[in-house]
Amino acid sequence: MANIKSQIKRIGTNKKAQDRNRAVKSELRTVTRHTLAAIAAGDKDQAVVALRTASKKLDKAVSKGVLHKNQAANRKSSLAKQVDALGK
């Protein structure tokens, strides 16, 4: 355990940020799974709604510094490509 007061404080803030990041990443996995489930079911309307939600959550994660912007763009692109393929 740290003896320096500022380091003890940093441990606390790091823990808080870790918990917040874990919650956000978990939510991202959940919305991605919902989108993939709608795609697997072949339900275009539900997939579009789920994709919109997933995109919004991914953008929010980028703005909060949880994900890199390119990582979010890659995930959104991959999901959008799969949703678009349903229409054909």
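**Salt bridges, burial and helix packing in a predicted model**

Modeller: Lys-15, Asp-19 and Arg-22 are linked in a network of salt bridges. This is a predicted model, in which local features need pLDDT of at least 70 and side-chain atom pairs count only at pLDDT 80 or more, while totals for chains, interfaces and linings use all residues. Residues are numbered from 1 along each chain as its sequence is written, and side-chain values use heavy atoms, with hydrogens and water left out.

Colleague: What makes the contact of Asp-19 and Lys-15 a salt bridge?

Modeller: A salt bridge is a side-chain nitrogen of Lys or Arg within 4 Å of a carboxyl oxygen of Asp or Glu. For Asp-19 and Lys-15 the N to O distance is 2.9 Å, so the pair meets that definition.

Colleague: Why are Lys-15, Asp-19 and Arg-22 called partly exposed?

Modeller: Buried means under 20% relative accessible area, exposed over 50%, and partly exposed in between (1.4 Å probe, protein chains only). Lys-15 has 43%, Asp-19 33% and Arg-22 47%, so each value falls in the middle class.

Colleague: How many salt bridges does the structure hold?

Modeller: Four. One of them joins the side chains of Lys-76 and Asp-59, at 2.7 Å from N to O. This pair links distant parts of the chain, with Lys-76 in helix α3 and Asp-59 in helix α2, 17 residues apart. Lys-76, at 24%, counts as partly exposed, and so does Asp-59, at 40%.

Colleague: Why are α2 and α3 called roughly antiparallel?

Modeller: Axes are lines fitted to C-alpha atoms, for helices over the stretch in contact, and angles run from 0 to 180 degrees between N-to-C directions. Angles under 35 degrees count as roughly parallel, over 145 as roughly antiparallel, 65 to 115 as roughly perpendicular and the rest as oblique. The axes of α2 (residues 44–63) and α3 (residues 69–86) come within 10 Å and cross at roughly 175 degrees, so α2 and α3 are roughly antiparallel.

Colleague: Which residues make the contact between α2 and α3?

Modeller: Among them are Ala-47, Leu-51, Ala-54 and Asp-59 of α2, and Lys-76, Leu-79 and Val-83 of α3. Contact means heavy atoms within 4.5 Å.

Colleague: Is Thr-35 buried or exposed, and how do you know?

Modeller: Thr-35 is buried, because its relative accessible area is 0%. Thr-35 is found in helix α1 (residues 5–41). Not counting residues up to four places away in sequence, Thr-35 touches Ala-47, Ala-50, Leu-51, Ala-54, Leu-79 and Val-83.

Colleague: What class does Met-1 fall in, and why?

Modeller: Met-1 counts as exposed because its relative accessibility is 82%. Met-1 lies in the segment before α1.

Colleague: How do you describe Asn-21?

Modeller: Asn-21 is in helix α1 and, at 30% relative accessibility, counts as partly exposed. The C-alpha atoms of Asn-21 and Lys-64 are separated by 9.0 Å, although the two residues are 43 apart along the chain.

Conventions
Helix = DSSP H or I, 4+ residues; strand = E, 2+ residues; numbered from the N terminus.
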